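The following exercises are to be worked with the sequence and the coordinates at hand. Each task is followed by a solution in steps.

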Amino acid sequence: MEVVVLIKPVPEAETRLRPSADGRRWDEEGVKFVLAGYDESAVEQALLLKESAPGTTVRALSLGPAPRTEEVLRSALALGCDRASWIEAPAEALGDPVGVARALAAFLRREPIGLVIAGKQSLDEESGVVPLALAAMLGVPGFGGVTNLRWSTAGGVTFDRVLADSVESWESSVPIVIGLQQAWNDPRTAKLPNILKSRRLPIERVAIGDLAGEHPSDARIERFRFQLPSPRTGAKIIDGQTPDEVAEKLVRLLRDEAHVLP
Amino acid sequence: MPDFSLSPEQVSLVDLARKFARTVMAPQAAECDRTGRFPEEIYRKAFDAGLVNLNVPQEYGGSGLSLLDQCLIVEELAYACAGMTTSIIANCLALEPILLGGTVEQRERFLKPFCAKYQLASFCLTEPTGGSDAGALRTRATRDGSDYLLDGEKCFITNAPHASLYTVFATVDPSQRHRGITAFVVPRSTPGITPGPDEEKMGHRASSTSTIRFEQVRVPAENRLGAEGEGFALAMRTLDQTRTPIGALATGIAQAALDHAARYALQRRSFGRPIAEHQAIQIKLANMVQRVRAARLLTWQAAAAIDAGARGTLESSIAKCFASDTAMEVADEAIQTFGGYGYMKSYPVEKLLRDAKLTQIYEGANEIQRLVIARELLATYA
Ligand SMILES: Cc1cc2nc3c(=O)[nH]c(=O)nc-3n(C[C@H](O)[C@H](O)[C@H](O)COP(=O)(O)OP(=O)(O)OC[C@H]3O[C@@H](n4cnc5c(N)ncnc54)[C@H](O)[C@@H]3O)c2cc1C
């Protein structure tokens with residue numbers, strides 16, 4: 001069976017996002033995009049499933065602009081995915097999670113669908129909508145917050161969902177779309193020879209406009225402002241010659257100003 | 001006009017090395033520096049990631065990288081720990097003579113099984129009586145039927161106690177000086193080889209350095225690289241290849257020192273403001289970043305020239321000499337920027353100075369690099 005893993009390039013963890021000149025998005029100038037966070041876990045999970053059942057192959061699928069989308073797909077190939085498919089779309093298309101899900105659904109419908117795994121949410125937008133919207137559009141079950149995903153003896157999958165104060169275990173047939181919380185293992189790192197090899201593997205490309213019923217300007221929502229939270233004010237540094245003096249001032253502030261002590 | 005931007009493939013190599021350096025090497029660096037422990041588990045992981053044997057072609061089980069790509073990786077590794085990096089790249093140095101001077105049969109016989117699993121190799125040139133004057137080495141290779149018997153002692157040999165393969169330079173006739181020097185590949189399992197105890201070093205303490213004795217070590221003639229007397233030229237051609245990555249290693253140390261100094265300068269306050277706002281500190285940082293960038297560019301230039309087929313003696317000597325002097329200077333200024341804390345072992349910059357010092361000494365001391373640079377330079381005017 002083919003496992004499809006959905007991935008999205010996100011800014012490297014250390015990136016400091018700045019609003020763009022038009023104030024509508026964040027400035028992509030100089031930002032480095034990588035495969036990260038929940039998506040790394042999703043790829044790891046897909047590879048673990050491949051390793052646990054002979055005959056399983058893994059295809060990485062991503063939607064977005066050049067060059068970042070190609071680069072994360074190559075990262076996925078270097079980690080051990082067998083195939084990579086790229087839905088070429090302008091960066092703006094990524095701002096509309098339902099539109100993204102529609103394009104992914106149109107792409108996936110072209111072939112029989114098996115198991116589809118996505119990260120629970122992407123690190124940059126954190127909307128978490130794509131896997132569930134995709135499941136609804138494909139008319140298959142969809143689950144978020146999944147851990148412990150395994151093949152079932154019946155040819156489907158079993159998995160857990162960890163809730164606030166309980167753990168549920170589920171079994172499902174495929175096709176199914178899974179929003180993955182965590183893989184069983186820490187994500188692996190690519191080995192140097194596989195990185196070199198991944199550069200030479202083909203990547204299947206489809207323009208978003210060529211997918212049935214899809215047009216990049218179909219988005220029904222638009223973000224009109226992007227702002228950074230204003231820096232917090234009111235922090236106070238307590239000076240003092242000795243720890244005792246500092247502690248005494250702190251207690252006085254907590255009691256008299258913050259009113260959190262009697 | 002040269003293009004100084006990295007290809008997407010090079011960016012992914014840098015990413016891999018950076019991730020390895022920061023997640024696997026850096027967390028152990030201070031402990032290994034303090035105790036002098038040889039972190040074999042890290043070298044094993046480096047092998048698994050494909051970061052050892054960078055210069056060996058893929059057909060023999062190595063990574064088969066260009067010199068420039070090797071330099072990109074070495075700088076990232078050295079940023080986290082120069083000592084570990086010295087031990088990781090010692091294989092490149094030890095295997096290079098087989099790549100340059102070995103027959104196809106020898107490359108198959110030695111490199112394939114060696115690179116198939118985690119193993120270390122050592123390059124054995126320097127002797128207690130002299131390193132710079134390699135032509136005066138004394139280890140003897142005496143012909144005995146179809147074999148040679150090796151006798152002598154080498155010193156300051158990286159990884160010697162941990163290696164399973166040695167490339168050894170010995171003389172078949174000391175009276176002929178460098179024309180007598182001959183290179184051999186010697187498996188550790190050969191009787192008569194005794195590595196000494198680890199030396200206590202000032203820096204690069206995660207690396208292992210020791211003497212190694214050869215007593216009546218029997219080596220078959222088919223383990224000789226090239227003809228008798230070709231060993232000196234082979235050693236020099238090897239160093240022409242491996243000197244440039246030492247420039248990259250030194251650049252990694254210097255970049256780390258600069259990063260620490262700049263971050264600290266923004267945090268530390270004196271006279272009511274961050275010390276980064278004092279012009280004296282700004283001038284230091286401005287000088288440091290110039291040197292670091294120049295060191296990197298000289299290293300890239302030497303690597304690119306050699307990748308394009310040049311012998312690169314001049315370029316690689318300039319890169320190694322400039323980058324190692326830079327590492328010393330920048331680490332020194334980083335300590336000064338930290339003030340008293342810079343002198344403390346609980347802060348990271350004094351290690352950088354101790355690590356930087358070696359880069360001025362090994363793979364050809366900088367005095368020798370300057371002799372070479374001047375000789376090559378003057379030859380272009382003669
Ligand atoms: C940690 C460490 C690891 C090493 N690893 C290896 C290894 O793996 N394999 C290996 O073979 N070697 C190794 N070396 C040896 C290293 O390459 C030598 O130390 C170096 O070449 C210098 O040789 P020397 O120490 O004998 O110094 P000398 O040759 O005795 O030189 C002493 C000083 O005199 C200067 N000098 C010498 N000749 C001249 C001249 N003609 N003109 C001007 N100045 C001159 C030198 O520059 C130096 O400053 C290592 C050394 C160290 C410290």
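Contact means heavy atoms within 4.5 Å. The model is predicted, so local features need pLDDT of at least 70 and side-chain atom pairs count only at pLDDT 80 or more, while totals for chains, interfaces and linings use all residues. Residues are numbered from 1 along each chain as its sequence is written, chains are lettered from A and ligands numbered from 1 in the order in which they are written, and side-chain values use heavy atoms, with hydrogens and water left out.

**Exercise 1. Determine which residues Arg199(A) touches, and whether Arg199(A) is buried or exposed.**

Step 1. Arg199(A) is located in the loop between α5 (192–198) and β11 (204–207) of chain A; helices (H or I, at least four residues) and strands (E, at least two) are DSSP runs, numbered from the N terminus.

Step 2. Not counting residues up to four places away in sequence, Arg199(A) touches Glu71(A), Arg74(A), Pro8(B), Glu9(B) and Ser12(B).

Step 3. The side chains of Arg199(A) and Glu71(A) make a polar contact at 3.0 Å. Such a contact is a pair of N or O atoms within 3.5 Å; within protein, one must be able to donate a hydrogen and the other to accept it, and residues adjacent in sequence count only if both atoms are side-chain atoms.

Step 4. Arg199(A) counts as buried because its relative accessibility is 18% (buried is under 20% relative accessible area, exposed over 50%, partly exposed in between; 1.4 Å probe, protein chains only).

**Exercise 2. Describe the surroundings of Asn148(A).**

Step 1. Asn148(A) belongs to strand β7 (residues 142–151) of chain A.

Step 2. With a relative accessibility of 29%, Asn148(A) is classed as partly exposed.

Step 3. Its side chain makes polar contacts with the side chains of Arg150(A) at 2.8 Å and Asp160(A) at 3.2 Å.

Step 4. Leaving aside neighbours within four places in sequence, the contacts of Asn148(A) are Thr158(A), Phe159(A), Asp160(A), Gln182(A) and Trp184(A).
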